[in-house]
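Student: I have a structure open and would like to go through parts of it. Can we start?

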Amino acid sequence: ARLVRATNARLDTVALPAVEGPDAAIERIDAPVRASVGQVIPLQIVLRSNAAQRAQLTVFAGPDVVAQQDVNLVVGQNEFSVRANAARAGFSAFRVQVTPAQDVRPQNNMLSSSVIVGGPPRVLMVRSTTAAIDETGAIKAALAATGVSVEEVSARAMPSEIQSLASYQSVVLVNVPARELSQRAMLSLQS
């Protein structure tokens, strides 16, 4: 008001009619920014209601329903956890919709959140060039059983550029002495 007076401007206001009655609104959806294909994505949904009532909570991944449940809303904040699978790589949009028994403002009953889903995680496994026995078998089998793609190289064949290492979610050194790695490879691993 002071700024309007100081600039000699005109300010018009319009009183909007207050809408009274039971209302439930989705306040937020907490989701990770990134996930990998096959990973379970946790969605934390926060609703606010001004009346205790029953509602139906539905979660969509694109056009598909991934979760639907009847819930009891209490007055105030209500939190619900839903788990969705990251089925394919790309941009995944999750839409949450609440359908309360009574609601005066249906415009606040839907909210979306997005997750970037990358391909399956990749691990670079570096083995010693001087090892007498293969020490990578058990680790490789355990990672493969969880859907992790493993690429195995010798210490001398390990990429030394950070750009090459960036395509991996992790680098595992299996009993590799520092003398088998180039100086550049060691610096890239530190980055």
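Predicted model: local features only at pLDDT ≥ 70, side-chain atom pairs only at ≥ 80, totals over all residues.

Student: What is the strand order in the open sheet of three strands, and is the pairing parallel or antiparallel?

Tutor: The order is β10-β9-β11, and the pairing is parallel.

Student: Which strands stand at the edges?

Tutor: β10 (149-154) and β11 (170-174) do. Each has a single partner strand, so one side of each lacks a neighbour in the sheet.

Student: By how many degrees are neighbouring strands turned against each other?

Tutor: On average by 25° in this sheet, with direction ignored.

Student: How many bridges join β9 and β10?

Tutor: Six, in the parallel sense, with β9 covering residues 122-127. Within that pairing, Val123 is opposite Val150 of β10.

Student: Which helix packs on the sheet, and what does that helix touch?

Tutor: Helix α2, residues 137-145, packs there and touches β9, β10 and β11. The direction of α2 makes about 175° with that of β9.

Student: New topic. Where is Ser49 found?

Tutor: Ser49 is in strand β3, which spans residues 40-49.

Student: Is Ser49 buried or exposed?

Tutor: Buried, because its relative accessibility is 3% and the cut-off for buried is under 20%.

Student: What does the side chain of Ser49 reach?

Tutor: The backbone oxygen of Ala51, at 2.6 Å.

Student: And which residues is Ser49 in contact with, leaving aside neighbours within four places in sequence?

Tutor: Asp23, Ala24, Leu73, Val74, Val75, Gly76 and Asn78.

Terms used
Residues numbered from 1 in each chain as written. Heavy atoms only, no water. Pairing = 2+ DSSP bridges. Helix = DSSP H or I, 4+ residues; strand = E, 2+ residues; numbered from the N terminus. Axes fitted to C-alpha atoms, helices over the stretch in contact; angles between N-to-C directions. Contact = heavy atoms within 4.5 Å. Buried < 20%, exposed > 50% of the residue type's maximum accessible area, 1.4 Å probe, protein only. Polar contact = N/O pair within 3.5 Å; in protein donor to acceptor, adjacent residues only side chain to side chain.
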